[in-house]
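Welcome, and thanks for taking a look at this briefing.

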Amino acid sequence: MSASAATQTNRWQDVSAGLSIAGLLLPEAVAYASIGNLAPQAGILALFAGLLCYGVLGTSRFAIVSATSSSAAVLAAAMASMPGGTVGHRLMLMAGLVMLTGAFFLLAWVARLGSVTQFIAKPVLRGFSFGLAIVIIVKQLPGVLGVQPPQGDLLHLVPGLLARAGQWNGRGAGLCAAALLLLFLLRRRQRWPAGLIVIALGIAAGQWLDLSRHGVALVGAIDVSLAMPVLPRLTQEEWTRLAELAFALALILYAESYGAIRSFALKHGDPVAPERDLLALGAANVLAGLLQAMPVGAGYSATSANEAAGATSRLSGLVAAAVVGVIVLTLLPLVALTPVPVLAAVVIHAVSHTLNPVSLQPYFAWRRDRLLVLAAIAGVLLFGVLDGLLVAIAISLLLMLRRLSQPGMSVLGRLGDSHDYVKLALHRDAQPQPELLILRLDEPLFFVNAERSLHLARAMLEERAGPLRKVILSLEESPDLDGSSVEALRDFAAFVRQQGLALTLARLKEPTYAVLQLALRDMLAGTPALLLSELSVAEAVRLLGGATPEK
């Protein structure tokens with residue numbers, strides 16, 4: 001096949017994929033708006049902003065940028081934390097929050113912070129997503145059952161629903177169950193617009209059975225008329241509070257988006273450009289804020305559907321935007337007749353993939369980070385979306401500091417006739433060197449563990465049997481040193497000299513070497529082997545035998 005024919009084939013594949021996923025994206029956009037307690041047009045306008053901006057500026061050929069379930073839930077939690085006001089004022093607050101989220105993306109792009117997602121551990125993100133899926137599903141139940149308890153937080157919502165079991169709307173529950181069953185049956189048909197099919201059948205069923213007369217609510221009128229984009233008029237105090245919330249929202253959105261983009265790039269061997277995606281996501285969210293729409297990101301389910309539909313480039317997203325535009329212009333009044341239980345089924349189906357315990361199973365099999373996973377799930381369920389995530393992140397940082405604070409110090413010896421120096425506790429054949437003690441820090445030295453680690457080194461020095469003239473301390477795990485670590489090393493160096501021993505610090509990285517040259521200047525005179533840069537322990541031992549080392 002010629003290059004031009006292959007290009008033409010790929011374009012038709014992108015058009016086909018765009019047609020297919022448009023039927024998924026429109027119902028989900030309306031459904032996610034309901035999660036965020038917003039009118040449906042907020043989700044639809046966000047869909048246009050995400051598809052157009054990422055289609056022009058993005059890098060992934062599969063990523064679909066639109067409102068996501070997690071961004072909708074975080075938005076709802078963020079807005080609930082803001083003081084009340086008129087409907088118009090709360091729209092301004094939402095627009096400001098989304099614009100600031102986009103601004104944080106753009107700042108991260110300027111600062112080239114594509115690795116910012118590494119600030120949140122993957123077990124935290126997976127536990128957060130699992131707990132968030134539970135929250136989203138449970139919060140769909142009042143619309144399905146036609147019962148609204150007085151308190152909407154999760155701890156009171158479930159008991160409130162159970163207390164009103166006699167008032168549940170059986171028709172709404174049955175309609176939701178039927179729609180959900182059909183969505184799962186259609187899941188295998190990746191090219192079929194399952195959401196649109198279920199919405200259409202739900203509208204038909206609602207009109208045929210006249211469900212609105214039986215207490216089953218409808219979505220209601222949808223107005224997507226565009227007004228001139230305006231900057232929100234808010235007080236400085238409101239902007240400050242929104243900035244705090246926007247930072248958390250941007251972190252969650254980018255972690256979710258980059259996870260989806262990277263997973264499909266690795267699957268197909270495509271390159272990734274995190275900074276470029278920061279630009280695309282920033283522009284999309286700024287535009288969404290100007291349109292008073294929801295925040296947007298690259299959701300895994302929509303991206304997966306785009307790949308399964310056969311997309312080969314970002315053209316599929318632009319085609320989907322055009323198709324959604326045609327549907328909005330022609331069929332939107334019919335969408336307003338969608339029964340709320342059917343829309344709830346679309347939401348439950350969309351988040352169901354994150355409710356799979358298989359994604360959490362490895363952490364329990366490895367016996368690593370189980371507490372983080374459980375803390376993230378419990379945090380979301382007990383403290384809410386934003387506070388729960390912050391609690392889980394705080395626990396992950398505390399556990400990391402606790403692990404790094406444990407002093408790890410190894411005594412090294414020579415293995416046979418080779419030049420390898422290995423940990424004596426692990427290699428029985430290794431032998432300590434005569435009149436020489438070789439120590440290696442097993443963790444990076446920093447303020448939490450500096451004093452304890454070097455106190456342990458003193459104890460090992462004092463316990464060493466036999467004559468001793470020299471000590472080598474390897475700092476290969478420490479790329480740099482903070483002030484507390486430098487002070488602790490100075491005290492340790494002074495202690496070693498008081499014992500009448502020679503001290504050499506080996507395997508020093510460049511920043512560590514530079515700071516120790518300044519800090520230990522008074523100890524360098526007459527001891528040229530005190531600091532050794534990237535030289536190995538074996539080279540340090542050889543040089544201590546009489547040669548003068550060079551940096």
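Axes here are lines fitted to C-alpha atoms, for helices over the stretch in contact, and angles run from 0 to 180 degrees between N-to-C directions. Please keep in mind that this is a predicted model.

**Helix pair α9 and α11**

- Helix α9 (residues 236-268) packs against helix α11 (residues 300-308) at an angle of about 30 degrees, and their axes lie 9 Å apart.
- Because angles under 35 degrees count as roughly parallel, α9 is roughly parallel to α11.
- On the α9 side, the contact is made by A260, S263, F264, K267 and H268.
- The α11 side contributes Y300, T303, S304 and E307 to this contact.
- The crossing of α9 and α11 is right-handed.

**The two sides of helix α6**

- Which residues of helix α6 (residues 154-163) are buried? They are L154, L157, G160 and L161.
- Among the elements covering the buried residues of α6 are α5 (122-145) and α15 (370-383).

**Cysteines and disulfides**

- How many disulfides does the structure hold? The count is 0.
- C53 has a relative accessible area of 13%, which means that C53 is buried.
- C176 is buried too, with a relative accessible area of 7%.
- As a reminder, a disulfide is a covalent bond between the sulfur atoms of two cysteines.

Definitions and conventions
Residues are numbered from 1 along each chain as its sequence is written. This is a predicted model: local features need pLDDT of at least 70, side-chain atom pairs count only at pLDDT 80 or more; totals for chains, interfaces and linings use all residues. Side-chain values use heavy atoms; hydrogens and water are left out. A disulfide is a pair of cysteine sulfur atoms within 2.5 Å. Buried means under 20% relative accessible area, exposed over 50%, partly exposed in between (1.4 Å probe, protein chains only). Helices (H or I, at least four residues) and strands (E, at least two) are DSSP runs, numbered from the N terminus. Contact means heavy atoms within 4.5 Å. Angles under 35 degrees count as roughly parallel, over 145 as roughly antiparallel, 65 to 115 as roughly perpendicular and the rest as oblique. A crossing is left-handed if the near helix is turned anticlockwise from the far one by less than a right angle, and right-handed if clockwise.
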